[in-house]
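Please walk me through this structure, step by step.

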Amino acid sequence: MKIYIAGKIAGDRRYRAKFREAAKAMEAAGHVVLNPATLLDGLTDGDYMRICMAMVDAADLAVFLPDYQESRGAMVEWAYCQRIGKDCAMYLDMTGGRTR
C-alpha cells in the first residue's frame, strides 16, 4: 500500500526525525511511504503544497501524525482527503497508541 504521511513540519526542529521514524515503521510493515519531510529545502510554501497534494493523490492512504492539527498544511491535507474521500488513519491508531 502507498501511504502518505501528514504532520507538522514548519516550526518543528525535529520534523525530519519524527517523519523518518514513522516512515520506517510503515516500511517495515511492507508499505511504500510518501514522505514530505524528504523534500529538498528552498521551495516556496506553494511549491511544497502542490507537491504534497500530488503525493496525497498518489497514495492509497493518508496517515496523520499526532501533531497534524498544529499544521496549517496538514489541516489542508486533512480537508482535501475528506473532500475527495481519501482513506485516512491516525498514526497512533496504527501503532496501538505507541510512538517510537
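**A helix, a sheet and a ring cluster**

In α1, the buried residues are Y15, A17, K18, F19, A22, A23, A25 and M26. Buried means under 20% relative accessible area, exposed means over 50%, and partly exposed lies in between, with a 1.4 Å probe and protein chains only. Helices (H or I, at least four residues) and strands (E, at least two) are DSSP runs, numbered from the N terminus.

This is a predicted model, in which local features need pLDDT of at least 70 and side-chain atom pairs count only at pLDDT 80 or more, while totals for chains, interfaces and linings use all residues. Residues are numbered from 1 along each chain as its sequence is written, and side-chain values use heavy atoms, with hydrogens and water left out.

Stay with α1 for a moment. The helix covers residues 15–28, which makes 14 residues. From its first C-alpha to its last it reaches 20 Å, close to the 20 Å expected at 1.5 Å a residue. That expected span is 1.5 Å times one less than the number of residues. After α1 comes G30, whose phi is positive, near 95°.

Now the sheet. Four strands form an open sheet, in the order β2-β1-β3-β4, and the pairing is parallel. Two strands pair if DSSP finds at least two bridges between them. β2 (32–34) and β4 stand at the edges with a single partner strand each, so one side of each has no neighbour in the sheet. From one strand to the next, the twist averages 30°. Axes here are lines fitted to C-alpha atoms, for helices over the stretch in contact, and angles run from 0 to 180 degrees between N-to-C directions.

Take the pairings in turn. Three bridges join β1 to β2, and the two run parallel. I3 has V33 in β2 as its bridge partner. β1 (residues 2–6) is joined to β3 by four bridges, again parallel. There, Y4 has A62 in β3 as its bridge partner. Four bridges also join β3 to β4 (residues 87–90), in parallel. L61 has D87 in β4 as its bridge partner.

Strand β3 (residues 61–64) is covered on both faces. L61 and V63 lie on one side, A62 and F64 on the other, and all are buried. Together with helix α3 (residues 72–84) and β4, strand β3 makes a right-handed β-α-β unit. Right-handed means that, with the strands pointing away from the viewer, the path from the first strand over the helix to the second runs clockwise.

How do the helices meet the sheet? α1 lies across β1, β2 and β3, and runs at about 160° to β1. α3 packs on the sheet too, touching β1, β3 and β4. The direction of α3 makes about 145° with that of β3. Contact means heavy atoms within 4.5 Å.

How many aromatic pairs does a search of the whole structure find? It finds three. Rings of Phe, Tyr and Trp (its six-membered ring) pair if their centres lie within 6.5 Å; planes under 30 degrees apart count as stacked, over 60 as edge-to-face and the rest as tilted.

F64 and W78 form an edge-to-face pair, 5.0 Å centre to centre with 85° between the planes. This pair links distant parts of the chain: F64 is in strand β3 and W78 in helix α3, 14 residues apart. F64 counts as buried because its relative accessibility is 1%. W78 is partly exposed, with a relative accessible area of 24%.

Y68 and W78 form a tilted pair, 5.6 Å centre to centre with 40° between the planes. Y68 lies in the loop between β3 and α3, and W78 in helix α3, so the pair ties together parts ten residues apart in sequence. Y68 counts as buried, at 8% relative accessibility. F64, Y68 and W78 form one aromatic cluster.

Which residues does M90 touch, not counting residues up to four places away in sequence? They are V63, F64, Y68 and W78. M90 lies in strand β4. It counts as partly exposed, at 24% relative accessibility. M90 and V63 are 27 residues apart in sequence, yet 5.5 Å apart in space, C-alpha to C-alpha.
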